[in-house]
Amino acid sequence: MNRLFVAYKPKGVVSNHFLSRLKRKYGVKKAGFSGILDPFASGCLIVAFGAYTRLFNYLKIEPKVYRATLWLGASSPSFDSQNITQIQDIPSLDERKIKDELGKLQGKITYTPPKFSAKKINGKRAYELARMGSEFELKECQMEVFDVKFINYSHPFLTFEIKVSAGSYIRSYAQILSHNLSQTGTLSALERISEGEFKFQNEAPLDPLKYLNLTKNSYKGDIMDIILGKKLRACDFDISSDGEYVIEYDNAFSIIKIENQEVKYAINRMEKCLY
């Protein structure tokens, strides 16, 4: 079964375990997902079955939108509610200051990913090393915050909605926000609302061609040349400049790459399936 859809991962479940549930539910063996969600987080998870698992690198998944709740006064080494070590009773903050700091924390922001994250250090996941108590450092990264909206402040919980680039860590953003408010804090809840145009729609099957981050191109010759995997020339396409393109024909599509006038197949003949 080839299928692309959005599932809703509940909180308290590891993303890989949730995928196993979906595989059993649909009776499939080959499956994958894009954009891992932390166990304490919930929300949109892009899932693909069968040959569609090869499409993840070509999907439009920006911007990503999250709704987050920051627990002010709480401390956790993982920056979430799973490893709370201390809770301080702090005075209420001025809501105007909160809104002001949220307004300042937009654009490109340099941050350090949480040690309890899926980042790899010498082939091992950072969270595995953190759980073993190993000493290590993660390199600084950059996220882009396209927009952030104040939702609610009910002391000590502050809720906001944030729109960010792929690869961003909202837990790290929350740490920066807490620091700017001169407080400790950790996320108590995190929900991913959408990734690009991907939103939860009761696991309805999606047309992958509507979500590919590729330019459509056309082949001037016999389409059987593509179907049979023959050697192609860049000049035989409507667009011959370097880049990756999707070629649609009949009830299928191919993805090709043009580089220095050479044509390579990234994915040849993928059936369109909407079930």
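Begin by selecting serine 194, which has its place in strand β12, where a strand is a DSSP run of E of at least two residues and a helix a run of H or I of at least four, both numbered from the N terminus. Serine 194 is buried, with a relative accessible area of 5%; buried means under 20% relative accessible area, exposed means over 50%, and partly exposed is in between, with a 1.4 Å probe and protein chains only. If you leave aside its neighbours within four places in sequence, serine 194 is in contact with Cys44, Pro63, Lys64, Val65 and Lys199, contact being heavy atoms within 4.5 Å.

Before going on, note that this is a predicted model, in which local features need pLDDT of at least 70 and side-chain atom pairs count only at pLDDT 80 or more, while totals for chains, interfaces and linings use all residues. Residues are numbered from 1 along each chain as its sequence is written, and side-chain values use heavy atoms, with hydrogens and water left out.

**Strand β3 and its partners**

Next select β3, residues 42-49. Eight of the eight residues of β3 are buried, so this strand is largely enclosed by the rest of the structure. Two bridges join β3 to β12, and these two strands run parallel; two strands pair if DSSP finds at least two bridges between them. To see one of the bridges, select glycine 43, whose partner in β12 is arginine 192.

β1 pairs with β3 in the antiparallel sense over seven bridges, and along them you can find valine 6 opposite isoleucine 46 and alanine 7 bridged to leucine 45. β2 also pairs with β3 in the antiparallel sense, over four bridges, and here serine 34 has isoleucine 46 as its bridge partner.

**Two loop residues**

Move to threonine 53, in the loop between β3 and β4. Is threonine 53 buried or exposed? With a relative accessible area of 18%, threonine 53 is buried. Its side chain reaches the backbone oxygen of glycine 50 at 2.8 Å, and, apart from neighbours within four places in sequence, threonine 53 is in contact with Lys30, Ala31, Gly32 and Ala48. A distance drawn between the C-alpha atoms of threonine 53 and serine 34, which are 19 residues apart along the chain, comes to 9.2 Å.

Then select glycine 27, in the loop between α1 (15-26) and β2 (31-34). Glycine 27 is exposed, with a relative accessible area of 64%, and its C-alpha atom is separated by 36 Å from that of phenylalanine 79, 52 residues apart along the chain.

Select helix α2, residues 95-104, and colour Ile98, Glu101 and Leu102, which are buried. These residues cover an arc of only 100° around the axis, which puts them on the same side of α2; the arc is that of the directions from the helix axis to the C-beta atoms. An α-helix has 3.6 residues a turn, so residues three or four places apart point the same way. The face turned away from the buried side of α2 carries the exposed residues Arg96 and Lys104. At the start of α2, a side-chain oxygen of aspartate 94 reaches to within 2.9 Å of the backbone nitrogen of arginine 96.

What covers the buried residues of α2 includes β10 (141-154), β11 (157-164) and α4 (170-180). In α4, the buried residues include Ile170, Tyr173 and Leu177, and the buried residues of α4 pack against β4 (64-72), α2, β7 (107-111), β10, β11 and β12 (185-195). After α4 comes serine 182, whose phi is positive, near 60°.

**The nonpolar cores**

Now show the largest nonpolar core, which has 41 residues, and pick out Val47, Phe160, Ile162, Ile170 and Tyr173, the ones that touch the most other members. A nonpolar core is a set of buried Ala, Val, Leu, Ile, Met, Phe, Trp, Tyr and Cys residues joined through side-chain atoms within 4.5 Å. Apart from this core lies another, of 23 residues, among them Leu4, Tyr58, Leu214 and Ile267.

**The four-stranded sheet**

Finally, select the four strands that form an open sheet in the order β14-β15-β16-β17, with mixed pairing. β14 (215-217) and β17 (262-271) stand at the edges with a single partner strand each, so one side of each is left without a neighbour in the sheet. β16, residues 252-259, pairs with β17 in the antiparallel sense over seven bridges, and alanine 252 stands opposite glutamate 271 in β17.

Definitions and conventions:
Polar contact = N/O pair within 3.5 Å; in protein donor to acceptor, adjacent residues only side chain to side chain.
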